[in-house]
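Thanks for sending this one over. Have a look at the sequence and the model first, and then go through my comments.

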Amino acid sequence: MGDSKEGGAESPPAGAAAREGLSLLSQGESEEPSAQGSALFLGGNEVKSRAVVKYSSAPPRTAFARLEEKTDLKLPPANWLRESAKLGPAGTTILGNSKKSKPFSSFGMAYDFIDSVGNDVDVVSDSENIKKLLKIPYSKSHVSMAVHRIGRTLLLDELDIQELFMRSSQTGDWTWLKEFYQRLIDQKWQRKKKSKEHWYQKAILSKFLYYSINGDGAAQPVPSAAEQQESSSSDQTNDSDGASWPAPFEMPSSVSEDPSASSQGSEPLEPSYIVGHVASAPKEQNLTTLFNDGENSQGLKNDFVRNILWTFEDIHMLVGSNMPIFGGGRYPAVSLRLRDNNKPINVLTGIDYWLDNLICNVPELVMCFHVNGIVQKYEMIKTEEIPNLENSNFSTKVIKDIAQNILSFLKSNCTKEGHTYWLFKASGSDIVKLYDLTTLCEETEDKYQNPFTMPVAILLYKVACNMMMKKNQNKKHYGTIRTLLLNCVKLLDKSRHPQIIASANYMLSELFQLDEPKKEESSESPLNENSDESYSEEEEEMPDSDENGSYSTSSDPSDDNKAVAIIKSVGELSVPEKYKSIHQIRPSCTFPVCHDTEERCRLVLSYVLEGLKSVDSSIKKESDLPAADPNTPIPLKYEDESTRGGPEGLEKQMALFLDKMGSLQKGNYSSQSGMIPGSWQHKMKLQLILKSSKAYYVLSDAAMSLQKYGRALRYIKLALQSHDTYCCLCTNMLSEVLLFLSQYLTLCGDIQLMLAQNANNRAAHLEEFNYQTKEDQEILHSLHRESSCQGFAWATDLSTDLESQLSVSCKCYEAANEILQFSDLKSQNPEHYVQVLKRMGNIRNEIGVFYMNQAAALQSERVVSKSVSTAEQQLWKKSFSCFEKGIHNFESIDDATNAALLLCNTGRLMRICAQAHCGAGDEFKREFSPEEGLYYNKAVDYYLRALRSLGTRDIHPAVWDSVNWELSTTYFTMATLQQDYAPLSRKAQEQIEKEVSEAMMKSLKHCDVDSVSARQPLCQYRAATIHHRLASMYHSCLRNQVGDEHLRKQHRVLADLHYSKAVKLFQLLRDAPCELLRVQLERVAFAEFQMTSQNSNVGKLKTLSGALDIMVRTKHAFQLIRKELVEEFDQPKSDESTPAADSSPSLNREEVVKLLSIFESRLSFLLLQSIKLLSSTKKKTSSNTEDDVVLKTNKQIYSQLLRATANKSAALLERTDILVHLLDQLARGGSGGVQ
């Protein structure tokens, strides 16, 4: 054993402390020189075998001592049963004295190599069990093994029926199995004692191995007590075998319901399985293993000298072996065997030796032959030659087929995880049967009598834990993890193992990603749409069989119906692929596809509830606790540590915040149920409560997106109640948990705002809000054990008052924002911070608009003459304050668009204030007041600020256009009021005219008539009205002004310019014929006014000609009026039910009649003046043919007009038609001699 690379040289002894630091050897460090594995070509059939030592506790290999001939092995060597440096710490285990494996040996290995279980490895077992299975077709001896399935891995352990029933006789533990065995298999069962020959052979083998490491080959004298020691060692072996069977598993008292049980003895009892600290960081699945590795009172430890990952063909096995391996010199690795020369090697022995060497990757076998204990000779055989030895011929291909058939048989039938299967072949029988002991055990009074239950549950849990801890795990493993945990929970008694059940349920809840995007729900790789139970314990048995019907259940009368499956003849195992499994052992268990968020959250909450129930059931009842003195204050965890800074400072801030929110009621600083901080119950309940709060938050968010606001408020209330309880229990507040609270409050604010905006469905929302499932009630009951859950009650009340709903929404956002100011949450979560500030700005805008509308309503109800009320002024102040805060919120996150909208709303508020001040005083004496001017100018300032905030139109064209329009409207309103209600008592006429002109021009500047949009006609109408008003103003100035000729001329030009611009714009509009007509009539009046100041006939005639030309151009307006009159006339005929009054908004008949009368009179006047002037001109000058034609035409038109106006009974449409006809004639005939 001289190989210095032996991994176990530095490893702890096999029986030492738990193997937390196992030295997992790489291929180069493994025990054998050819650790890469080998492919053996034996008898023309290729058999692939590869072995890698994963762990070894054997000392460095030493060369074996070749014994001299005639050495008497019956005499003990001097070193027999004594420790030696060459043996190392493994001692007698290496030399085979503890050959019998323990009943849970595979579990010990599985705990140590948890990474391999459930995934990469097909079988975990002792090498002796593997050999026994592969020899079934060759052997008549009985086979009894326990089989367990974990994922795709099978664990095989010897089930020593004799040992079991001996124990049953003493304790009564296994009576159900003993009765079953006697009834169906062996009715006259009795313990079979091992023969003297058995103990003799065992003793001389032991002595031979000790001789082989002694080195001198001589039998040294030993103390006379050696013989006694030999017999006692045999007894010890026997005893130890017996003691290895444990009683049915129960939790030690230290994890019982009494938390103080661990301190009853002189030394605290360590629980065999303790829940490790589940990481406090919510997103980290940092789940430490629940259990101490391997070492515990039940003997679940890995006590093999070496653990080997053996690949035999396509079968991957984790095998434990205690075979002694010697090496050194010419033989780097050999196995040493002792054979009786009188007994030839048979097939069973050959297979045994061959498999041992394959498993341990030993290339050679050294056999020492003896006769009656006297050494005869040594013989060396290569491993690949063993199958061809005389009397021991066997086909390696057949062995391979047997291995594949047995594995397929077991995989096809041992389908239920957590169940204990029993593979049994009676001695001398050809029939192999497989029983499900778990099902048989459940039929008895106590289903927890199966001693495998607890180790299996632990292993299921540990494998799931291990898979969870791997950050890079793909979601495809979630189905496997879930199945492992569900089966683990099913195996355990809730009252005995609350800790494991709580932890398993928490991990089950962690499998469902609550925050994943919705689109991923349907694309989570190939996950079958199985129901929740599709792969659970109720799964229907589907034993596979090939087309030949290889095995069946109870097809023979001799077969009992309790067997899961039967191999009718061991000979079948040698037939290639006879038992080829149709399906794998489901390496990827299906994970339930949750078609919507609610389904996923409900699953999470169901697991959380089970976990909470387990925790609560393990906590002492309140009545059992010592009564607390009500006068003694419970110290706050923050107070003592607040001076240190860091996280403690954060906790103090949080305490103050919760106090302000009303969360920390008196005496509510710690658990009310009596949980001890730091206990497993405390840690686990914290995690479960946090998980429930997250699930309720996601449910609330989903309900919000479906516009089910009552349901959303109910869920967010439960989320906040969960979080409130978490805050009461938590001793170390994490910033991430505070972020969750901020998110919950933000969503709560959103819900309250939507409820305020959807008041019409209040009854439906209230009904949804008050509904509660049984699950929610039970979770709330668990929360109430720790806290009153009233911390955020103010945020989740369903109010019927709009103002209070908006106020609560605002308070939620403010609270969310305040939390983000703690520590560096704001900088760590910039996106959430921006969202909170946006919402704060938005809700303040909503509240500001609410108060502004209330003020406007009060204003409309107020009597005109009364002054502004105090209530109005208070509403203005509230509204203004909200807008200012909202603007600040948006500006702080550089949201220019929303800031501009709020500035625009503030401008609107200023206009409402201005309008409120215009009502005071008598309507006839009314003047534009200074207060109006002040507020309108403030409005202008806010609109200009909004434009500056936006910068350019490209930022947000719609908002830019809206602000521009509002600004234009403000200037226009201000100018109109100053024009209509001129403050002549305070200002001169000229100053007023100047201010009106400036305001109108500014309004015009911000009125975009060119851009094509929905607002373009409005802009055109506004611009036309502005030009009309300016023209009228200059016209009026011209009439009233005396003196300054330059100014008169300027006014004349401006009036003419604005009239022409107004006409152009009104002509673009289809719905303003009256306005167009009025402007044209004013232009005619303007021409008439100019004519009065003219002296020459030529000048007058020219002006008249221009006026008549304007009259001709009004034809467009009359055509529009005629069109509307015709439509109005036709409408009652087509639809009798529609009253004619419906069309009145489009055409004001009174206005039309009035304008028509004025038009007729002015046209009559102009025609008469034209006739007079043309007639007088004709007398003075020579005949002018052109003037004669005009005169004649004008006379005809004048005559027709007089006849038409004389007919007072003519309808409006008729009068319009006549005027259109006359204007046509006038246009054709010319209106004057001078053009």
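Here are my notes, point by point.

1. Before anything else, keep in mind that this is a predicted model: local features need pLDDT of at least 70, side-chain atom pairs count only at pLDDT 80 or more, and totals for chains, interfaces and linings use all residues. Residues are numbered from 1 along each chain as its sequence is written, and side-chain values use heavy atoms, with hydrogens and water left out.

2. Let's start with the overall picture. The protein chain has 36 helices and 14 strands; helices (H or I, at least four residues) and strands (E, at least two) are DSSP runs, numbered from the N terminus. Of its 1235 residues, 53% count as buried. Buried means under 20% relative accessible area, exposed means over 50%, and partly exposed is in between (1.4 Å probe, protein chains only). Among contacts (heavy atoms within 4.5 Å) with a separation of 6 or more, 77% are between residues 24 or more positions apart.

3. Now for the core. In soluble globular proteins, nonpolar side chains tend to be buried together. A nonpolar core here is a set of buried Ala, Val, Leu, Ile, Met, Phe, Trp, Tyr and Cys residues joined through side-chain atoms within 4.5 Å. The largest has 178 residues, and Ile-150, Trp-422, Leu-459 and Trp-876 have the most contacts inside it. Helix H18 (residues 735–757) gives the most to this core, with 13 residues. A second, separate core of 67 residues includes Cys-1074 and Leu-1174.

4. Zoom in on Trp-876. Leaving out residues up to four places away in sequence, Trp-876 touches several residues, including Leu-909, Ile-912, Cys-913 and Tyr-935. Cys-913 is itself buried, at a relative accessible area of 2%.

5. How many disulfides does a search of the whole structure find? The count is 0, where a disulfide is a pair of cysteine sulfur atoms within 2.5 Å. Take Cys-748, which is buried at 0% relative accessibility. Its closest cysteine sulfur, in Cys-812, is 3.9 Å away, so that is too far for a bond.

6. Arg-714 is worth a click. You'll find Arg-714 in helix H17 (residues 709–729), and it is buried, with a relative accessible area of 6%. Beyond its neighbours within four places in sequence, Arg-714 is in contact with Glu-768, Phe-769, Tyr-771 and Asp-776.

7. Helix H8 (residues 396–413) has 18 residues and spans 26 Å from first C-alpha to last, close to the 26 Å expected at 1.5 Å a residue; the expected span is 1.5 Å times one less than the number of residues. Is H8 mostly covered or uncovered? Mostly covered: 15 of its 18 residues are buried. At its start, a side-chain oxygen of Ser-395 comes within 3.2 Å of the backbone nitrogen of Lys-397.

8. Finally, the strands, which pair if DSSP finds at least two bridges between them. Strand E3 (residues 123–126) runs parallel to strand E5 (residues 153–158), with 3 bridges joining them, and Val-123 has Leu-154 as its bridge partner in E5. E3 also pairs in the parallel sense with strand E7 (residues 315–321) over 4 bridges; there, Val-124 stands opposite Leu-318.

Terms used
A polar contact is a pair of N or O atoms within 3.5 Å; within protein, one must be able to donate a hydrogen and the other to accept it, and residues adjacent in sequence count only if both atoms are side-chain atoms.
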